[in-house]
Amino acid sequence: MPTTLDLRVQRYAFSLENKNNSRYIFYFILLLVPLQNITRTMNVKHIFLLTALLLLFSCGSDTGKFRLEGRLRNMNQGEFWVYSPDGGMEGIDTIAVRNGRFAYELDLTGEATLVVIFPNYSEQPVFARPGKTVSIKGDATHLKEMIIQGTTDNEDMTKLRMELNDLTPPDIPNAVSTFIQEHPASLTSLYLLQRYFLLTPQPDYKQALKLTKLMLEESPDNQRLSKLAKQLAKLQGGQTNSRLPKFSATDINGQRVTESALKHAVNIVSTWATWSPQSITAQSQLKRLKSRYADRMGVVSICLDGRKADCQQQISRDSLKWHTICDGKMWDTPLLSTFGLADVPTNVLIDGKGRIIARNLSGQALEDRIATLLKPSEK
């Protein structure tokens, strides 16, 4: 039967369970002071329990924190945006810059990829691990030459980025492929795989699958790699110049959506998430295009948020009127495999005959392609 001391220790231990801060250790000890008369009669079990609790709180206070710090010349004040494409953090956050310096901390339970978006909208991946500090140094006017140090993943990425800066575009995929083969267990390699073999106008699914299998051999317990390998194995139906695959899903308002929703003169299937600022921008562009072309353009969006409420709130805020599918399954959403979509944001462009004609178009390239497809109808 538990003693009074057992119950009080367990009660305070429970209240401290998720508070990783040294001041709570101090409060915990203070709470035990009134028990000094009882502790004189403690047995070995009590002493062991108290010791284990104190060690747990003191040793685990900061082990999950990742710190990003740095200094950029030619940028005195401002802010960056940061998000995680692999779920390392929820939503979008900002990093304030003061006198050219910045610092940002994040609680992590495992490794994660962060994407930092600079004021000129260029992006830079930062590979985060619990308990580590990563530093960024460089010139705000030459961001491609910034130095990121602190972990092997980031230092390897910096070295590769410097090499890629000197290569012509046709030579870059080979250099990236070589890097992945030499670093199959690196968090950097997963980012590079998606960036250079999947998120391009002409994805190379065959090479992406080959590299994914190589990485899985080195990291067989990596669930994201396993999911990616399964998706890549099913992507043959989503290749450019192939037919629009049949599908059936339910949108955020409970309406059934099938391939018949994509029978307009030009059609787009896009991915987005509230935690991806680029995808929010892409959705705004689709809204403008939909307003311009009206019924000649069909849109179906797939939201990768884990909570439908977040998706619905963003849709209402932005007044998006087309079908949005959000099943809360995030990367396990079946439609990703159906359309060969492997990241956020990305898209598939489909013509009026149900043929996939382009992938991963963005910005002006997307607008130009749609204008070309609809130009005959405007005469």
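Modeller: Here is a close look at helix H8 and what surrounds it. This is a predicted model, so local features need pLDDT of at least 70 and side-chain atom pairs count only at pLDDT 80 or more, while totals for chains, interfaces and linings use all residues. Residues are numbered from 1 along each chain as its sequence is written, and side-chain values use heavy atoms, with hydrogens and water left out.

Helices here are DSSP runs of H or I with at least four residues, strands are E runs of at least two, and both are numbered from the N terminus. H8 covers residues 205-218; at 1.5 Å a residue its 14 residues should span 20 Å, and the end C-alpha atoms sit 20 Å apart, which agrees. (The expected span is 1.5 Å times one less than the number of residues.)

Buried means under 20% relative accessible area, with a 1.4 Å probe and protein chains only. On H8 that gives Tyr205, Gln207, Ala208, Leu209, Leu211, Thr212, Met215 and Leu216. These buried residues pack against helices H6 (172-182), H7 (187-198) and H9 (223-233), plus strand S15 (356-359); contact means heavy atoms within 4.5 Å.

Now for H7. Its axis and that of H8 come within 10 Å and cross at roughly 170°, with axes being lines fitted to C-alpha atoms over the stretch in contact and angles running from 0 to 180 degrees between N-to-C directions. The two helices are therefore roughly antiparallel, a label for angles over 145 degrees. H7 brings Ser189, Leu190, Leu193, Phe197 and Leu198 to the contact, and H8 brings Tyr205, Gln207, Ala208, Leu211, Thr212 and Met215.

Terms used:
Buried means under 20% relative accessible area, exposed over 50%, partly exposed in between (1.4 Å probe, protein chains only). Angles under 35 degrees count as roughly parallel, over 145 as roughly antiparallel, 65 to 115 as roughly perpendicular and the rest as oblique.
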